[in-house]
Amino acid sequence: MLYTPLWKRLLIFALCAWGLASSLPNLFYSKVEQHNDAATAIAAAGGVATSDQSTALAQWPQVLPSALVNLGLDLRGGAHLLAEVQVADVYSQRIDAMWPQVRDALRDLRDQVGAVRRMPSVPGVLRVQIANADQISVAVAKVATLATPVASLTGVGQDDIVVTAEGAEVVVQLSEPERVATDNRTMQQSLEIVRRRIDAAGTREPTIQRQGTDRILIEVPGIGSAQELKALIGTTAKLTFNPVVQQTTNAAADPGPRNSLLPAADQKGLYYIISDEAVVSGEELTDAQPSFDQNGQPAVSFKFNVSGARKFGEYTGAHVNEPFAIVLDGAVISAPRINQAITGGSGIITGNFSLEESTNLAVLLRAGALPAKMNFLEERTVGPELGQDSIDAGKKAAVIGILAVGLFMIACYGLFGVFANIALVINMALIFGVLASIGGTLTLPGIGGIVLTIGMAVDANVLVFERIREELRIQKSPARAIEIGYERAMSAIIDANLTTLITAGVLFFLGAGPVRGFAVTLGIGIITSVFSAIFVTRFLVEFWFNWRKPKTIVV
């Protein structure tokens with residue numbers, strides 16, 4: 001008689017039941033997905049489901065696991081973008097922001113260097129001319145004191161700017177270590193902002209990863225087209241607060257050096273000439289919420305961080321009764337007159353907003369602006385029909401594989417082959433249950449990994465059954481032959497699958513995209529196949545043997 005402790009049998013049964021229950025929703029994927037989408041849409045609209053919708057949403061029992069396996073772009077359809085981040089734009093922004101500091105630093109040396117003036121230069125380079133050319137070394141030394149250490153491990157001990165002299169001009173530009181550090185920060189910030197915007201849209205399992213030095217790969221399953229994805233990502237919501245130089249109705253007015261001519265967002269034909277030097281920017285916001293102004297119209301309230309609040313308070317205090325432009329994405333949405341110093345670090349943006357527009361603006365401001373422009377080098381839209389064809393082909397391959405393996409096992413091992421086939425079905429259920437529970441994504445190569453697992457899953461059973469046959473040939477009793485078969489095959493099974501699991505791990509950590517999808521399903525399949533072959537089949541064999549108590553067995 002074969003014996004396994006009760007706790008172990010209950011644990012095996014519980015794991016098998018969990019695997020079957022967790023995988024069941026995926027048999028009705030489209031129906032459950034439609035119900036979930038309907039529920040999301042109804043909740044987002046703030047409405048109440050109709051009786052038909054409520055019935056549909058309640059069809060799946062709440063007590064059972066309801067997580068679905070996420071389908072990748074190649075199966076579900078969606079959009080693929082490869083974006084190039086214009087990191088050089090950030091160099092120009094950094095250098096332009098240094099001009100007030102350089103000007104203030106040289107102001108203390110006015111008696112030595114004379115008057116200072118900013119000269120035209122290429123982007124990313126600041127040129128400042130001084131009146132007394134013979135004092136250029138003094139000016140360079142003073143500006144060099146503005147340098148700070150590079151904030152990265154690769155630039156330890158080096159300054160963030162390089163200050164040189166060319167005739168009567170002080171030339172300031174970012175050092176090479178600071179450029180590298182800036183590139184990394186820009187890419188990291190771009191990745192995070194893109195991820196926040198896409199996540200806010202409620203998409204499932206997007207792939208957002210850096211490629212090379214300045215590119216970002218974006219794949220979002222379930223979105224209608226690449227244009228929709230570009231619109232979602234490209235909404236920059238770049239907010240700045242700039243001094244107003246002049247108000248005009250001339251669309252061709254010359255703004256002058258370091259000024260810009262921008263249209264009013266809510267008044268056609270009205271333009272503002274504003275200074276390019278923003279007093280504070282959206283990066284210094286800590287919060288933005290939809291609200292209402294004193295007239296009950298939709299607006300957006302905001303709060304600055306400590307540095308933003310200080311700069312905002314100092315500027316408004318020094319420019320009372322002057323207009324102040326609030327610029328959003330290249331348009332002046334409001335140009336209020338400063339009545340008094342605003343020292344609290346908070347304010348409100350008013351305009352001709354609808355409630356929906358004010359809510360969306362607040363969301364975009366909280367997510368932050370992209371630090372640099374992105375050019376899209378590749379755009380692809382994968383239709384859901386192609387993905388469904390891949391799913392259907394994968395199902396057909398899996399069914400054929402299971403039938404072929406099942407017939408082979410029955411032909412070679414009879415009743416024991418039936419037990420192996422039952423364990424194989426449970427193994428498939430466990431794979432999908434684990435994928436759904438961990439939020440894994442199933443891709444087309446992942447289906448290949450599952451089909452491969454079907455063939456590999458019975459290898460352990462073959463080892464065990466052949467070992468049992470050997471024990472029966474030397475006249476061991478059936479019970480003893482089964483025990484020895486499982487015991488002595490264990491080490492070979494573990495060794496064979498461990499090496500494959502290591503390979504799957506290498507593919508996952510060093511691969512990308514489709515390779516990782518294959519590695520995920522292969523790795524999960526190896527673990528579940530070992531469990532089903534060693535424990536599930538033994539559970540079935542032991543149950544049958546103790547129930548029928550045969551004198552002889554044929555394997």
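Two strands count as paired here if DSSP finds at least two bridges between them. Helices (H or I, at least four residues) and strands (E, at least two) are DSSP runs, numbered from the N terminus. With that settled, let us walk through the structure together. The model is a predicted one, where local features need pLDDT of at least 70, side-chain atom pairs count only at pLDDT 80 or more, and totals for chains, interfaces and linings use all residues. Residues are numbered from 1 along each chain as its sequence is written, and side-chain values use heavy atoms, with hydrogens and water left out.

First, the overall picture. The protein has 17 helices and 19 strands. Of its 555 residues, 43% are buried, meaning under 20% relative accessible area, with exposed being over 50% and partly exposed in between (1.4 Å probe, protein chains only). Among contacts (heavy atoms within 4.5 Å) with a separation of 6 or more, 69% join residues 24 or more positions apart.

Now find the open sheet of four strands, which runs in the order E3-E4-E6-E5 with antiparallel pairing. Strand E3 (116–119) and strand E5 (161–166) are at its edges, each with a single partner strand, so one side of each has no neighbour in the sheet. From one strand to the next, the twist averages 25°. For angles such as this, axes are lines fitted to C-alpha atoms, for helices over the stretch in contact, and the values run from 0 to 180 degrees between N-to-C directions. E3 pairs with strand E4 (residues 125–130) in the antiparallel sense over four bridges, and Val116 stands opposite Ile130 in E4.

Two helices pack on this sheet. Helix H5 (residues 88–107) touches E3, E4, E5 and strand E6 (169–174), and its direction makes about 25° with that of E4. Helix H7 (residues 136–144) touches E4, E5 and E6, with a direction at about 170° to that of E5.

Back within the sheet, E5 and E6 form an antiparallel pair over six bridges, in which Ala165 has Val170 of E6 as its bridge partner. The hairpin of E5 and E6 has two residues between the strands, and Gly167 takes a positive phi near 65° there.

Another open sheet has three strands in the order E13-E14-E17, again with antiparallel pairing. Strand E13 (285–292) and strand E17 (346–349) are the edge strands, each with a single partner, so one side of each is left without a neighbour in the sheet. Here the twist averages 25° from one strand to the next. E13 and strand E14 (residues 298–304) are joined in the antiparallel sense by seven bridges, and Ala288 has Phe302 in E14 as its bridge partner.

Next, look at a helix pair. Helix H14 (residues 444–457) packs against helix H17 (residues 514–548) at an angle of about 25°, with their axes 7 Å apart. That makes H14 roughly parallel to H17, a label for angles under 35 degrees, while over 145 is roughly antiparallel, 65 to 115 roughly perpendicular and the rest oblique. Residues in the contact include Gly448, Gly449 and Leu452 of H14 and Gly517, Phe518 and Gly525 of H17.

Finally, visit Tyr271, which lies in strand E11 (residues 271–275). Tyr271 and Ala251 are 20 residues apart in sequence and 6.8 Å apart in space, C-alpha to C-alpha. Leaving out residues up to four places away in sequence, Tyr271 touches several residues, including Gln246, Ala251, Leu262 and Pro263.
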